[in-house]
Amino acid sequence: MIKIIGSVSRSNMLFYVALILLGIGAYYYHFRESRRKIIERLETVVQRRRDDLSKNVEEARRIGNKLDAQRRDWIGGLDFEQLQGELQRGHVSCAEAVRTYFYKGVLAHEKTNAVTAFILEAEQQAEELDEKAKSPSYVKPPMFGIPLSLKECLKVKGYDTTRGFVQDAYKPSTEDSIQIEHYKKLGLIPFCQTNVPQSLLSYNCSNPLFGTTTNPYDKTRTCGGSSGGEGALIGAGGSLIGIGTDVGGSVRIPCHFTGTAGLKPSKMRFAHRGGGASVPGKPLIDANDGPMAQDVKTNVEFLKNVWGDIDFQSDRDPYCPPVHWNESLYSSEKKLRIGYYIDDGWFTPTPALQRAVLESKKHLEKAGHTVIPFYPPRLTEVIKLYFRAVCLDGGQYVLNKLLKDMIEPTIRFQTTIWMIPTWVQRALSYPITLVFPRLGVLMSSLTRDTFELREAYADIEAYREEFVGLMMKDNLDVILCPASIMPAPQHDIPSKVLCGVSYTCLYNLLDFGAGVVPVTKVNKSDEEKLINEYPETDKWYQITKSATIGAIGMPIGVQVAAPPFREEAVLRTMREIELAITGK
Ligand SMILES: CCCCCC/C=C\CCCCCCCC(=O)NCCO
């Protein structure tokens, strides 16, 4: 080798260097040109789609205005249980319920930009249900006439599932997914689709097609993601019940940020046939769809009906076991043993989140439950395993899609990481670890090597065994912990602090059922503690601290989790916290 290099003359060497530089230049020019053409073509799609959405919103407003304002305000003031009762008794018609929620949905959308499409056929579906109900032999299904909002990535016949990619606009689904079919059978009426972050792999809510969805409490802050449109819509009163999806916190984080309640069930509790994932072919990081609502009570009523009738889904998708709603687990008198933590050892949450857990602990103890400390083991390793397994091809699948699209600026950090070859990331991780150990962990987490990937899967399996072993040792029924690291931050923060999903992604890696219930709001003393005591030892803590300053009044939830098929114990705990706080 040395001989060969030695034999190349200086001028030859210069020639080769020039050739390489020319090659790189030509590649870069070609890349820039093809990106310019892609963006030029997609800009017209964005304009067309936004114009269509404006018309669609106007049509929804027109439908909402068909109803007398006084009647609409009265129906709009009913909670889920009350509306359900009035619809069952025939005091409110399905058409009135849908018109009311078109009206309320438009108001919430104007405030937060939460909706990507109103499902205008909902009015006709409602009228058909009202017509059927005229027959004395007709038995109303349990959720007869209740309007249902849906995260945009869920498949509804005739509507797009773009996941915020402009390239996927105007490619409507040809069928409803099994879950949507089931919800319709139970009487629910899908009435709108809601916004998501591009790719779904973020906990903010912006994309180049529909723009940014904001938090109903503060426009400058995010509603969370990826089921952020649902959080914003429900939090702003535009829907009573909606469906989100969650692979790292996407149901739970928006609930925490918007003061709403929701559950991510373990993977097998819903049918997935006919649905779609953010990254298909990704075993061991289990995603699921889950309900979101203004309170836990509504989630419980919804799931009682869906799981009570789960054979509908199991019959159509044999991979969904016919596990029915477990009433004895939900309404058991037996006191629970609950493990709790306020800090996972990877990312200390800001003071209000810690206070929310401690207050919930007190409520649960007052109700007679035993609440003892629990320490989730080795969270640094969990974070590494999670990112390795969620980006199992080093992010290539999502990156390929992003490079054919307009790229959302608020997910630039992960996009940049995915563009850097993994061996370069690995090499950089060594010096970075010396000055910034936590970033070093992230920089060494991605792999494209199947040997390392297999090892990660084996480690996840071992971690699952270890975690449930620890719970069994202490005879624990559920875990109580923070829902996130901070209250809703500004829109660009989630991408800068991606590793802030540690409190939620743990329960995807474990495939536990996990839910979030609103508990409190950030107060002045939380802010004082934040300023005086919150760590500033690295950039992530500094960003988190400054994003939390000024968050007084923002909602704070807590998370409850339990092993698969024990979602009813999670809901029971959440409901007991809710009852202790709201009294209803
Ligand atoms: C070096 C690290 C690179 C990190 C790349 C980040 C990739 C993914 C981040 C995942 C963050 C998950 C947020 C929650 C997303 C979610 O639950 N989506 C639901 C999809 O159904």
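**Close-up views of a predicted model: cavities, pockets and sheet**

View 1. By the rule used here, the count comes to two cavities of 30 Å³ or more. A cavity is a set of points, on a 1 Å grid over the protein atoms alone, where a 1.4 Å probe fits but cannot get out, and lining residues have an atom within 4 Å of a point. Grid points are joined across faces, edges and corners, and a volume is the space filled by probe spheres set on the points. The model is predicted: local features need pLDDT of at least 70 and side-chain atom pairs count only at pLDDT 80 or more, while totals for chains, interfaces and linings use all residues. Residues are numbered from 1 along each chain as its sequence is written, and side-chain values use heavy atoms, with hydrogens and water left out. The largest cavity has a volume of about 340 Å³. It is lined by 26 residues, of which L201, Y386, F387, V390 and L498 are the closest to its centre. Helix 14 (379–390), helix 16 (412–419) and helix 18 (437–443) each give two or more residues to this lining, and helix 16 has the largest share, four residues. Helices (H or I, at least four residues) and strands (E, at least two) are DSSP runs, numbered from the N terminus. The lining of the largest cavity has 17 nonpolar, nine polar and no charged residues. Here Ala, Val, Leu, Ile, Met, Phe, Trp, Tyr, Cys and Pro count as nonpolar, Asp, Glu, Lys and Arg as charged, and the others, Gly among them, as polar.

**View 2. The annotated active site.** UniProt lists K151, S226 and S250 for "active site" in an unreviewed entry. They span 100 residues in sequence, yet no two of their C-alpha atoms are more than 10.6 Å apart, so they gather at one spot. Of these residues, S226 and S250 are included in the lining of the largest cavity. K151 has its place in strand 2. UniProt positions are given in the numbering used here, feature names are shortened, and annotations may be inferred rather than shown by experiment.

**View 3. The largest pocket.** A pocket is an open set of grid points with protein on both sides within 12 Å along at least five of seven lines. The largest pocket has a volume of about 710 Å³. Its lining holds 40 residues, with K267, H272, G276, A277 and A287 nearest the centre. Strand 2 (147–151), helix 7 (178–185), strand 8 (241–246) and strand 10 (288–293) each supply at least two lining residues; helix 7 gives the most, four residues. By class, the lining of the largest pocket has 20 nonpolar, eleven polar and nine charged residues.

View 4. Eleven strands form an open sheet of mixed pairing, in the order 1-3-2-8-10-9-14-15-13-11-12. Strand 1 (115–118) and strand 12 (370–373) stand at the edges, each with a single partner strand, so one side of each is left without a neighbour in the sheet. Two strands pair if DSSP finds at least two bridges between them. Strands 2 and 8 run parallel and are joined by two bridges, and L150 stands opposite I243 in strand 8.
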